[in-house]
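These are my notebook entries on a structure that I looked up. I record side-chain contacts and helices in the order in which I examined them.

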Amino acid sequence: MAGGRWFGWRNKNGGGKGKEETRKAVVLDGSDIKELVEDEATFSGFVESKFRELDVDGDGRLSVKELQPAVSDIGAAIGLPAPGSSPKSDHIYSEVLSEFTHGKQEEVSKSEFKEVLSDILLGMAAGLNRDPIVILRIDGEDLKEFVESPLFETEAISMFSGMESAHASLRKCLTTALQQLTVEHGMPPASDSWVITNIVEPSFQSFSSDLLEQPASQDILENFKKLLGNVIRRLQEHPVIVAHSENTFDGSGIKRLLSNKFELDKLLDSVWRDLPKDHNQQTSKEYLRIALDRMAASASLPPYSAVDQVDVIINEAIGMVKGDDGKIVEEAGFKRTLTEILGSIMLQLEGNPVFVSTNSVVHEPLAASSTVLPSTSISTEVNE
């Protein structure tokens with residue numbers, strides 16, 4: 001998921017919602033990003049301001065070093081781990097930087113920065129329009145409703161019956177059960193470090209340490225209910241903002257792309273044009289994964305390394321066409337192989353769609369400014 005600083009656009013189309021629903025949920029659908037980019041005067045002023053922030057030495061051009069904060073933020077926005085923490089995703093950061101520098105420039109002018117930033121923001125807007133992010137304010141009310149409902153005991157029994165709790169401590173069983181609750185129950189991600197420190201651990205303080213270290217007993221439901229009562233009170237005192245998104249990758253986006261020859265050829269031409277080539281205008285198959293990543297948005301695929309299940313399918317598809325053999329190929333062969341890979345991915349996703357649901361705590365204040373993106377805050381709307 002994206003970091004908190006990126007959740008800076010309010011959905012302006014929610015006028016039909018009641019006050020309570022608006023207070024607890026805000027949908028980010030990319031409309032504000034698109035509106036910003038398409039307003040020439042406003043976007044130019046925005047670029048001027050952001051360029052000035054990045055241009056540390058004030059020479060009117062951005063060096064590779066000065067672009068790094070922007071690249072890091074863009075990576076966070078598409079759900080990548082921090083640079084250097086995952087070898088799988090570091091090449092994507094390199095590709096974002098390459099977009100700005102066109103692969104070889106050491107410095108970027110303001111007009112070049114504006115052009116690339118526009119493309120990136122419009123791509124993000126399209127992604128949010130296709131797969132909106134819902135910002136939820138979790139304040140204990142929904143969790144209280146769940147605990148008081150007839151469903152509670154049935155679901156709780158199901159949770160504990162699936163555990164190997166014969167010799168496990170009460171603390172471990174209760175912690176495991178907490179982690180099985182979702183935002184639909186009114187519980188923020190219980191494995192998040194902030195939630196552990198500020199919600200979960202304080203909620204255990206009313207239990208004696210001796211009791212928590214004892215094996216779970218037949219009173220486990222009663223103790224779970226007590227713990228959740230403590231969690232509810234903590235959430236009422238310290239509401240948690242969570243970014244929630246759902247997506248199903250079923251190959252339909254690839255199918256649409258492959259059925260539109262004009263759009264496919266145009267996209268392949270664009271991808272090929274930006275790839276490194278030798279003096280014979282040929283390139284290595286090692287760039288197939290990078291090229292595929294550049295086509296991801298148009299094919300309704302996640303960025304490589306963002307969804308493990310999809311990565312497995314992509315790797316298998318590349319392996320089937322020997323895409324990792326590092327051989328040098330000409331333009332027609334590269335495009336043909338790339339199209340075959342897309343077709344293979346489509347067939348696998350059609351047979352076994354991948355559903356992804358993510359919930360991430362927004363740790364930074366929602367009004368926090370971004371290196372690259374507008375700082376319009378949704379904090380007033382979700383916290384009123």
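I began with the term helix: helices (H or I, at least four residues) and strands (E, at least two) are DSSP runs, numbered from the N terminus. I noted that this is a predicted model, in which local features need pLDDT of at least 70 and side-chain atom pairs count only at pLDDT 80 or more, while totals for chains, interfaces and linings use all residues. Residues are numbered from 1 along each chain as its sequence is written, and side-chain values use heavy atoms, with hydrogens and water left out.

**Entry on salt bridges**

I took a salt bridge to be a side-chain nitrogen of Lys or Arg within 4 Å of a carboxyl oxygen of Asp or Glu. I found 14 salt bridges by this rule.

I looked up Lys-50 and Glu-53, which both lie in helix H3, three residues apart, about one turn of the helix. Their side chains form a salt bridge, at 3.5 Å from N to O. For exposure I used relative accessible area: buried is under 20%, exposed is over 50%, and partly exposed is in between (1.4 Å probe, protein chains only). Lys-50 is buried at 6%, whereas Glu-53 is partly exposed at 45%.

A network also came up here: salt bridges that share partners join Glu-48, Arg-52 and Lys-110. Within it, I checked the salt bridge of Glu-48 with Arg-52, which is 3.5 Å from N to O. These two residues are four apart in helix H3 (residues 40-54), or about one helical turn. Glu-48 is partly exposed, with 32% relative accessible area, and Arg-52 is exposed, with 54%.

In helix H2 (residues 31-38), I noted Glu-38 and Lys-34, again four residues apart and separated by about one helical turn. Their salt bridge spans 2.7 Å from N to O. Glu-38 is exposed at 54%, and Lys-34 is partly exposed at 41%.

Why does this spacing matter? An α-helix has 3.6 residues a turn, so residues three or four places apart point the same way.

**Entry on helix H3**

I then examined H3 as a whole. This helix has 15 residues and reaches 21 Å from its first C-alpha to its last, close to the expected 21 Å; the expected span is 1.5 Å times one less than the number of residues. Its buried residues are Phe-43, Phe-46, Val-47, Lys-50, Phe-51 and Leu-54. Seen down the axis of H3, they fall within an arc of 130°, so they line one face of the helix. The arc is taken from the directions from the helix axis to the C-beta atoms. Ala-41 and Arg-52 are exposed on the other side of H3.

**Entry on aromatic rings**

I counted rings of Phe, Tyr and Trp (its six-membered ring) as a pair if their centres lie within 6.5 Å; planes under 30 degrees apart are stacked, over 60 edge-to-face and the rest tilted. A search of the whole structure gave me eight aromatic pairs. Phe-160 and Phe-224 have ring centres 5.4 Å apart and planes at 85°, so this pair is edge-to-face. Phe-160 lies in helix H8 (residues 151-161) and Phe-224 in helix H12 (residues 220-237), so the pair ties together parts 64 residues apart in sequence. Both residues are buried. Together with Phe-146 and Phe-152, Phe-160 and Phe-224 form one aromatic cluster.

**Entry on charges over rings**

I counted a charge as over a ring if NZ of Lys or CZ of Arg is within 6 Å of the ring centre and within 35 degrees of the ring normal. The charged end of Lys-226 sits over the ring of Phe-207, 4.5 Å from its centre. Lys-277 lies over the face of Trp-272, at 5.1 Å from the ring centre.
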